[in-house]
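Please open the model in your viewer, with the sequence panel beside it, and follow the stops below in order. Each stop says what to select and then what is found there.

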Amino acid sequence: MKCLKRLREQKKKSQAEMAEILHISRQSYNFYENGQREPKIDMLLKMADYFGVSVDYLLGRSNAPAACNDIEPETAQQRLQNKISIADTETAAEVENYLDYLNAQKNNSKAVAGK
């Protein structure tokens, strides 16, 4: 996967950090990045979601308009969505509950200010 290293570097992540994010060993990530092994489809999907690109793009099968060095910065919502998409179910539920809490606090603040 030709772009994997550049995508990782653009996120300012080490191989060890990427391995932790993807729940794999650093050695496995290194093999993927250096083309020594091909990831299974579920791993390709996690990587594509995290980097905000298509699986075809990761595999070099797409002439996506954004080249590796021209990836547009993500919004906070896109970064959060990417992180939640690779989180385990329990962690995703905790994040959802916390967001509900923050939104409730924000709505209460607006209600108090409007009185």
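Predicted model: local features only at pLDDT ≥ 70, side-chain atom pairs only at ≥ 80, totals over all residues.

Residues are numbered from 1 along each chain as its sequence is written, and side-chain values use heavy atoms, with hydrogens and water left out.

Switch to a surface view of the protein chain, whose accessible surface comes to about 8200 Å², with 49% of it belonging to carbon and sulfur atoms; accessible areas come from the Shrake-Rupley method with a 1.4 Å probe, and for residues only the protein chains shown count as cover. Of the 115 residues, 26% count as buried, where buried means under 20% relative accessible area, exposed over 50%, and partly exposed in between (1.4 Å probe, protein chains only). Among the contacts in the protein chain with a separation of 6 or more, 49% are accounted for by residues 24 or more positions apart, a contact being heavy atoms within 4.5 Å.

Next select residues 26-33, which form helix 3. Six of its eight residues are buried, so helix 3 is largely enclosed by the rest of the structure; the buried ones are Ser28, Tyr29, Asn30, Phe31, Tyr32 and Glu33, and they pack against helix 1 (4-10), helix 2 and helix 4 (41-51). Helix 3 is followed by glycine 35, which has a positive phi near 75°.

Axes are lines fitted to C-alpha atoms, for helices over the stretch in contact, and angles run from 0 to 180 degrees between N-to-C directions. Helix 2 and helix 3 are therefore roughly perpendicular to each other, the class for 65 to 115 degrees. Gln15, Ala16, Met18, Ala19 and Leu22 of helix 2 make the contact with Arg26, Tyr29, Asn30 and Glu33 of helix 3.

Which residues does glutamine 15 touch, not counting those up to four places away in sequence? They are Arg8, Arg26, Tyr29, Asn30 and Glu33. Glutamine 15 is buried, with a relative accessible area of 15%, and its side chain is joined to that of arginine 26 by a polar contact of 3.2 Å (a pair of N or O atoms within 3.5 Å; within protein, one must be able to donate a hydrogen and the other to accept it, and residues adjacent in sequence count only if both atoms are side-chain atoms).

Now turn to two loops. Most residues other than glycine have a negative phi. Lysine 12, in the loop between helix 1 and helix 2, has a positive phi of about 60° although it is not a glycine, and at 73% relative accessibility lysine 12 counts as exposed. Histidine 23, in the loop between helix 2 and helix 3, likewise has a positive phi, near 60°, and counts as exposed at 54% relative accessibility.

Finish at isoleucine 84 in helix 6 (residues 76-85), which is partly exposed, with a relative accessible area of 29%. Leaving aside neighbours within four places in sequence, isoleucine 84 is in contact with Ala92 and Val95.

Conventions: Helix = DSSP H or I, 4+ residues; strand = E, 2+ residues; numbered from the N terminus. Parallel < 35°, antiparallel > 145°, perpendicular 65-115°, else oblique.
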